[in-house]
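Hi everyone, thanks for coming. Please have the sequence and the structure open while I talk, and we will walk through a few places together.

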Amino acid sequence: RGAPRRPARGGPMAYHVEPLQYPLELGWAYLLLAGYLARVLFASVRLPGAVGVLLVGYAFSHFMQEDILAARDDLQHFAFFLVLLNAGFEVNVHALRPRILVISLLPGAFELLGIAAVAVLREGFTVVQGLVLGCVLFPLGEGLVIPKLGEFKHRFPEHPLPKIGLVWAPLEATMALAFFGFLEGLSHPDGEVAPGAGVAVAAVVIRIVVTVAVGAAIGAAAGWLLSNVTRPKVRGRTVFTGSPVEAFLVVLGLGLAAFGAARVVPMGFAPGEVFNPDLLVIALGSAFGERASADVLHGVDTFLASIWVFGSIILFSMLGSKTSFRLFTEIPRFLPFMVVGLACRLVGICVAVLASKRCDKCKAGRIVIFEILFFFLCCLPRATLQGALGGVPVQRDFFRDDAAQGEAVREFVSEGARLYIVMFSISGSLLLEFLGPKLLRLTGDAYSRELKRQLSPDTVRPQGNGDAAGPASSRDSDEPPADALDACSDDLRHADAGESSDDASEEAGPDESEDAWKIITVVSARSVVYRRETL
């Protein structure tokens, strides 16, 4: 025991685990208690808790209980389902404005293509194999980034950048999961026979459309029913309680049913299933979040967050049990992927940030540079999706038709995912922890000075005759001030879609027309609130 060996199915190099026979309850007790203790201890010293759970899983590989070892892949599969459901709940349709989409998806797409290019040119992978590797390695670790951005949002309530980051992270995770599901159909899992090019394209289009439509329909119907669940009565008594735990159990059951049923409905004219299981769960969660009432959604979110604590311990402990120290000898081989991928990511951030500007005045050098650096730091922590996706090619036997090369690719993807977790989760979290607040303070000062300069009374003047200003007169007045304000805020105030600016604006009365074009400086969650109706 302890000698590295190559698994029979071509999985990653790992320590050979000889299971031990002892009560199952003791194995679970170790995983839950030691895993949670390591998680909170690492978090208390500003290190990612996922790394602590990985170490607990690695130690468990030396005395793993036989039943847990037999169910290891199934446990990882369930944890992956929780990742998908959580990603669906975090997608806010109201925040999907064009510029938010650009800054959320373009940098990740650049890194994905950069990693795939290195895999094709340097390692001799096929295009699909390179894209699978890139799709596993490029996503930011939303489980690490989102809590930190939430902390920044409370520490810097006037700053827009943490808000756009809170929209960015789940969107990028959703893109990675959806694209991975698309690539899964092209990787011939479990030895599926490749169809013709035309049939393959038609199957992919049909699969995506049908999956999104059915998932959205199930999620929307569940959201509406659970929001009105107390209405049905039998002999004067309500049938359902309408409690949050009841809503969570229904959503969890529907998600599991959709996740499982999607794998048994065949396409018919092409290999594979008609539904993409990953995208189906994401669409279900997103549609439920849009249709359910605020109380129901809050209750389900609370229970899902609690379940994810358990799911994250299972996910990373099982991943750690498959890890060996040989992994660190592969750093030189993966270094080109890291360098090229991060360079492409930085280029993508630059393009996205500059494309989101609408006026030259707002393209101040300091603001743009600090924005780019902050967004780049947010992309460095990696853990959740690497842990969820890294083992799928091995479990589903991707690229079986490619014989030896397919086996090497599966092993390479799995090793890369674990190496990214160990390296980027620690270094990325530390950099974001210590440099993130400094960049937010610097950009906050720059925002304040630039907005005061552009919205000063000498710069912004009405073009009317001084009569009482109402909604109609504001439309006839000069437009550049609105564009300037919109450009300075970069539409980032819309990222916090659940909030409204109504509480920070007041209607201008007839006696206030002389002050209607003064600066509106609001030290609140939006820095500056501009309402054309008010002006």
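Let me begin with how helices are judged here: the expected span of a helix is 1.5 Å times one less than its number of residues. Helices (H or I, at least four residues) and strands (E, at least two) are DSSP runs, numbered from the N terminus. Before we go on, please keep in mind that this is a predicted model, in which local features need pLDDT of at least 70, side-chain atom pairs count only at pLDDT 80 or more, and totals for chains, interfaces and linings use all residues. Residues are numbered from 1 along each chain as its sequence is written, and side-chain values use heavy atoms, with hydrogens and water left out.

Now to helix α1. It runs over residues 24–44, 21 residues in total, and its first and last C-alpha are 30 Å apart, close to the 30 Å expected at 1.5 Å a residue. Which residues of α1 are buried? They are G27, L31, G35 and A38, where buried means under 20% relative accessible area, exposed over 50%, and partly exposed in between (1.4 Å probe, protein chains only). These four sit on the same side of α1, because they cover an arc of only 70° around the axis; the arc is that of the directions from the helix axis to the C-beta atoms. On the face turned away from that buried side, you will find the exposed residues E25, L26, L33 and S44.

Together with L32, F78, L256 and F310, L33 makes a nonpolar surface patch of about 420 Å². Patches are made of residues with over 30% relative accessible area and no salt bridge, with like charges joined within 9 Å and nonpolar side chains (Val, Leu, Ile, Met, Phe, Trp, Tyr) within 5 Å. The areas come from the Shrake-Rupley method with a 1.4 Å probe, and for residues only the protein chains shown count as cover. One member, L256, is found in helix α10, residues 244–261, and L256 counts as partly exposed because its relative accessibility is 36%.

Next, charged pairs. Side chains of opposite charge can pair when their charged atoms come close. How many salt bridges does the structure hold? There are 10, each being a side-chain nitrogen of Lys or Arg within 4 Å of a carboxyl oxygen of Asp or Glu.

Take E111 and R382, whose side chains meet at 3.1 Å, N to O. E111 lies in helix α5 and R382 in the loop between α14 (365–378) and α15 (384–389), so this pair ties together parts that are 271 residues apart in sequence. Both E111 and R382 are buried.

A second pair is R345 with E172, at 2.8 Å between the closest N and O atoms. R345 is in helix α13 (residues 331–355) and E172 in helix α8 (residues 161–186), so parts 173 residues apart in sequence are tied together. R345 and E172 are buried too. Salt bridges that share partners join E111, E172, R345 and R382 into one network.

R155 and E151 also pair, at 3.6 Å, but both lie in helix α7 (residues 142–155), 4 residues apart, about one turn of the helix.

Last, the cysteines. With a disulfide taken as a pair of cysteine sulfur atoms within 2.5 Å, the count is 0.
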